[in-house]
Amino acid sequence: TKAQVDALLLELGGANVAQSVADMTDTAKLYVLASTGHVWLYATVTIAPPNEMIVTDYNKYLNSSGVAGAKDGVFIAQEIPVDLTVDACTITFKNFAASMGAQGTEGRYNNSRICALDANKNLLGASYISRANVDASTSHWQCIVSGDDMVGNLVAFGNQMVTLNKASSLSEIKYIHIAPQLSENAISSADTANLGITISTHGGTSSQWTDTGIVYGGGNEAAIAALNTRVTAAENNIAELASGEAAVIPDYWQTEVDDTVSKIKALQNANGHDLLCFGWCSDMHVESGGSAYVQNIGAVAARVMKACDIPLFLMTGDMLTGDTGTTLAQIPDAYTKAWEYLSPIGTERVLAVKGNHDAWTGNNGSGVYYVNGLPPEQLHGLLFRPQEKDLRRVFGGDGSYFYVDNIPQKTRFICLNSQWAAYEENQDGTAKYSTQKGTGFGQAQLDWLTDYALDVEAGYSVIVALHVPPSKTLPDGRNYLDNNHSRDMTILRGILTAYCGKTTYTASYTHSDKDTYLQEGTWADVTLNCDFGNYNGSLLGVFSGHAHYDQYVNDGIGAPVVCITSAINTPYDAQASTRVLGTKDETAFDFVCVNRRTGAINLIRCGYGTDRTITVSNS
C-alpha cells in the first residue's frame with residue numbers, strides 16, 4: 001500500500017534514483033525510476049508455470065566431466081526465468097518413436113539423468129531417473145519421478161525441471177538438460193524437431209523488482225507541483241466514487257481524459273443528433289496473471305463515456321493472448337482479468353467479439369502451434385455469457401454472434417464471429433479444426449446476417465464489427481482474403497457490397513484440405529442467394545482488429561474498413577513506439593464519432609497514437 005511504501009521511504013531516508021531496472025542493485029532499498037518517477041520495490045510474486053517445455057537444442061559433445069555416469073548426448077531446454085519447488089512431476093517425451101522406441105527394453109532408460117547447467121552450459125549436478133517405461137500405444141517415453149526417486153532436492157524452474165545437487169545456489173542454474181542413456185549416435189539434432197516434453201508442476205514464487213505505481217514526492221518544488229496534480233486527480237476519483245459509478249484512474253491519465261472529452265464534446269456540439277459515438281479497442285491480449293498495459297483501459301474509457309454520454313464500447317477480438325506458452329487451464333483466469341479491466345465501463349455496454357487468439361494454445365512438438373482449443377460451450381461461458389446480461393442483445397445460431405440496436409440514434413451494431421469453425425478433437429486431445437490461423441463464418445451465421453441482422457427499419461444505420469478485416473489489401477501489405485487463411489471472407493465482402501448497393505448477390509464456397517491449420521469438412525460449405533432490393537439502412541463502416549495497425553481502406557464494398565492498433569504493447573506498425581507503462585502511452589483505444597448523415601468518421605485517440613479522420617460519404 002502507499003502507507004507501507006511511505007513508511008519504508010521514511011525509514012530508509014528516501015529513495016535512490018535509477019536510470020534503469022538493471023541499476024537497482026540493493027534489494028534492501030527503494031528506487032525511483034528516472035523515466036517515470038515511480039517507486040520500485042524488491043518483492044516476491046507468485047508464479048504459475050506452464051506445463052509445456054520446448055526443447056531448443058541438441059549437443060552430443062556437451063562437457064559432462066565431474067558428473068558420474070552422465071552421457072554427452074543431451075536435450076537442452078530454454079533459459080530458466082524463475083525458480084519453483086515441486087514434490088513430484090511427470091515427464092513425457094512425445095512423438096519420438098524413431099529414436100527412443102528403437103532402443104528396446106525400458107531398462108535402457110533406467111540410468112538416464114536429469115541435469116542442471118550453468119549459464120555457460122556446464123554441468124552442475126545430475127540425478128538418476130529410477131522409474132521409466134515405454135508406452136507402446138503412443139511411442140511416448142514417460143518418466144514418473146518424485147522426491148524419493150531423486151538424488152538431492154527436486155526443483156522445477158518455471159516450465160523446466162532440474163535437480164539441485166552440485167549447484168551452490170539456485171541462481172547458478174540457468175538451463176537444464178535431460179541425458180538419455182543411449183548410444184552415442186542414437187539421437188540426432190534433426191530428431192529434436194519432433195520432441196515435446198510435458199512437466200506437471202505445482203507453482204511457486206519468484207523475487208523481482210516491482211513497480212509500486214506510486215510517484216515519488218521528495219519535497220522539492222517539482223514534487224509539490226506533481227503532488228497537486230495527484231490531489232486534483234484524487235478529488236476527481238472521489239467524486240466518481242461518491243456518484244456510485246466508480247472509475248478511478250491514475251493521475252497521469254487525467255490530462256488525456258480531459259483532452260479527449262473536450263474533442264468529443266466539440267464534435268457533439270457541431271453535429272447534434274446526427275453524431276453517433278462509441279468507444280473501441282482491440283487486441284488486449286491479456287495473460288492469466290494480468291497485463292499491466294491495459295489495466296486502466298476500462299476506467300479511463302468509463303470516465304470519457306460518462307462525461308460525453310457514450311452508450312457502447314466495442315472490443316473487436318483477441319481479448320486474450322492465448323499463445324503457445326498458455327495452457328487451457330489458464331484461459332478462465334485470463335478472461336476474469338480482462339473483464340475486470342473492462343468492468344468500470346459495465347459489461348452490458350461492452351460489445352466483445354471472438355478473435356483468433358481467444359481459445360487457442362499449445363503446440364504438438366513438430367512445429368505446429370495453437371493445436372489445443374476450448375470447446376465452444378466453455379468459450380461461450382467465458383466470452384459471451386457475461387454479455388447476455390444485456391437483454392438488448394439478439395444472438396444468432398450458437399450464440400457466438402449477435403446484434404444490438406442503439407434505438408435513440410437508430411443504429412444497429414452487428415458483431416460477427418470471424419473465427420467460426422466446427423469443433424472436434426483428435427485422439428490425442430488436440431482440436432481437429434483450428435481457426436487461430438484461419439477465418440470463416442459458416443452457413444448459419446451468414447444466413448442470419450442476410451436474413452435477419454441486416455434487415456433494419458427505415459432510417460437505420462449499420463455498424464459491422466469483427467476481428468479479421470474483410471479487405472483485399474490493407475496498407476500494411478497483408479491480404480486478408482488469401483485462400484490459404486480464409487474460407488468465406490470473400491462471400492462476406494459480397495454480402496456487404498450488395499447490401500450497400502441494395503442489389504442481389506449469389507455465391508458459394510466448397511471446402512478443401514489446405515494445410516495443417518485449415519483442414520475443413522462439409523461444415524465449411526456455404527451457398528447464398530441474397531436480394532437486398534427491399535432492405536433499408538446504410539452501412540457506416542466495418543471495424544476490425546487483428547492488424548495491430550491504425551489504418552483504413554475503402555476497397556469496393558461501399559463503406560470503409562477501419563482497423564485499430566493493439567491495446568497491448570504489440571503494434572505491427574514499424575513506425576509505432578512501444579507502449580510506456582505509467583504514462584498515457586501505456587495503451588491505445590479510440591472513440592469513434594460518425595456523422596450518420598454524411599458518413600464522415602472522426603476517430604479520437606485516447607492514449608498512444610493520433611486522431612484520424614475518414615471523409616467517405618455513404619449517404
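Trainee: What should I know about the model before I start?

Mentor: It's predicted, so local features need pLDDT of at least 70 and side-chain atom pairs count only at pLDDT 80 or more, while totals for chains, interfaces and linings use all residues. Residues are numbered from 1 along each chain as its sequence is written, and side-chain values use heavy atoms, with hydrogens and water left out.

Trainee: How is a pair of aromatic rings described?

Mentor: By the distance of the centres and the angle of the planes. Here, rings of Phe, Tyr and Trp (its six-membered ring) pair if their centres lie within 6.5 Å; planes under 30 degrees apart are stacked, over 60 edge-to-face, and the rest tilted. The count by that rule is 15 aromatic pairs. Take Phe278 and Phe543: they're edge-to-face, 5.4 Å centre to centre with 90° between the planes.

Trainee: Which strands hold Phe278 and Phe543?

Mentor: Phe278 is in strand β17 (residues 275-281) and Phe543 in strand β28 (residues 538-544), so the pair links distant parts of the chain, 265 residues apart. Strands (E, at least two residues) and helices (H or I, at least four) are DSSP runs, numbered from the N terminus.

Trainee: Is Phe278 buried or exposed?

Mentor: Buried, with a relative accessible area of 0%. Buried means under 20%, exposed over 50%, and partly exposed in between (1.4 Å probe, protein chains only). Phe543 is also at 0% and counts as buried.

Then there's Phe589 with Phe591, an edge-to-face pair at 5.8 Å centre to centre and 70° between the planes. Phe589 is buried at 0%, and Phe591 is buried at 0%. Together with Trp253 and Phe313, they form one aromatic cluster.

Trainee: Which ring does the charged end of Arg412 sit over?

Mentor: The test is NZ of Lys or CZ of Arg within 6 Å of the ring centre and within 35 degrees of the ring normal. Arg412 sits over Tyr403, 3.8 Å from the ring centre, and Lys502 sits over Tyr499, 4.0 Å from the ring centre.

Trainee: In what order do the strands of the open sheet run?

Mentor: Strands pair if DSSP finds at least two bridges between them. Six strands go β19-β18-β17-β31-β32-β33, with mixed pairing. The edge strands, β19 (350-352) and β33 (612-614), each pair on one side only. Strand β18 (residues 313-315) runs parallel to β19, joined by three bridges; Leu314 has Leu351 in β19 as its bridge partner.
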